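Please open the model in your viewer and keep the selection panel at hand. The tour goes from one selection to the next, with a short account of what is found at each stop.

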Amino acid sequence: MSLSKNNIKLITSLQQKKYRQKHQLFVAEGVKVVNELLASSLKVEQLYTTDESFMTLKEVEVVLISENELKKVSTLKKPNKVLGLFKIPKDEEINKNSFIVALDGVNDPGNLGTIIRLCDWFGISELVCSKNTVDCYNQKVVQSTMGSLTRVQVSYVDLPEFLKSTSLPIYTADMDGENVYTTSLPKQAVLVMGNEANGISPEITDVVKDIITIPRFGDLQQTESLNVATATAILLSEFKRDLI
């Protein structure tokens, strides 16, 4: 078999959120990422591959294609043997009794992908996003999670309403907050991280009670701010420190 015009049209259309929502499908590429998704509870619609070893998979529709055909539908600079179409899972109820990371208007796919990986690394299963945060099934997000998307539940909600409904303490980061290294942090909380350029929105500011900061140590102290994913990594490390 080979790629038909309809196959190509469908795969390329899934680069846009509206078509991912319409077809309830998303694209994953590369041997590692695809194998991680195949090993999860996610359902695969179809695989397109240049690697005959994938042809042995049972109960999966696998189409053997050429390297040139893979290049036509791949978004990677160097396509890596396999591209899969996976079904977007149905929304599940958020576990409000766990540690939660919340994102307010994070726009960069790479940042979201890295934060999903960080949640996976630090054992956080709930990531709650405002509706204007980038789609977690964006191909760049899927690729940068390296499979962590299968172990972290990402939910899109009315974030101010969600925060008002939680009984957990709510933290966010700001330059004028309390030094995170000298603050006593709870085991369970909601950590809200904001937009790359503007931080958290006024609606979220009204809800947050606890503000912490990562102090600068350089002599000049001219660095304006940290990347949101970098800041998330540092803060999660501090929240988890006492659990070791």
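Two residues are said to touch, or to be in contact, when heavy atoms of the two lie within 4.5 Å. With that cut-off in mind, and remembering that this is a predicted model, begin by selecting V228, which lies in helix α9. Show its neighbours: leaving aside residues up to four places away in sequence, V228 touches N111, I115, M193, G194 and E196. Is V228 buried or exposed? Its relative accessibility is 8%, and because buried means under 20%, V228 counts as buried.

Next, select the nonpolar cores. The largest of them has 48 residues, and those with the most contacts inside it are V101, L103, I116 and L127. Helix α9, which spans residues 228–240, gives the most to this core, with six residues. The core also draws at least three residues from each of domain 1 (5–87) and domain 2 (100–240). Apart from this core lies another, of 16 residues, which includes V128, V157, L168 and I170.

Now centre the view on L103. Not counting residues up to four places away in sequence, L103 touches L112, I115, L127, V128, C129, S130, T133, L159 and M193. Two of these, I115 and M193, were also on the list of residues that V228 touches.

For the last stop, colour the chain by its division into domain 1 (5–87) and domain 2 (100–240). The C-alpha centres of the two domains lie 30 Å apart, and where the domains meet, 16 residues of domain 1 are in contact with ten residues of domain 2. The area buried between domain 1 and domain 2 is about 1,200 Å², of which carbon and sulfur atoms give 59%.

How many salt bridges are there between domain 1 and domain 2? The count is two, and there are six residue pairs in polar contact between the domains, with both residues at pLDDT 80 or more. On the side of domain 1 that touches domain 2, the elements to highlight are α2 (17–23), β1 (25–29) and α3 (31–38), each of which gives two or more residues. Finally, select R151 and E36, which form a salt bridge whose closest N and O atoms are 3.1 Å apart.

Technical notes
Residues are numbered from 1 along each chain as its sequence is written. This is a predicted model: local features need pLDDT of at least 70, side-chain atom pairs count only at pLDDT 80 or more; totals for chains, interfaces and linings use all residues. Side-chain values use heavy atoms; hydrogens and water are left out. A nonpolar core is a set of buried Ala, Val, Leu, Ile, Met, Phe, Trp, Tyr and Cys residues joined through side-chain atoms within 4.5 Å. Buried means under 20% relative accessible area, exposed over 50%, partly exposed in between (1.4 Å probe, protein chains only). Helices (H or I, at least four residues) and strands (E, at least two) are DSSP runs, numbered from the N terminus. Domain bounds come from an automatic or database domain assignment. Buried area is the accessible area (1.4 Å probe) that two parts lose on being put together, summed over both. A salt bridge is a side-chain nitrogen of Lys or Arg within 4 Å of a carboxyl oxygen of Asp or Glu. A polar contact is a pair of N or O atoms within 3.5 Å; within protein, one must be able to donate a hydrogen and the other to accept it, and residues adjacent in sequence count only if both atoms are side-chain atoms.
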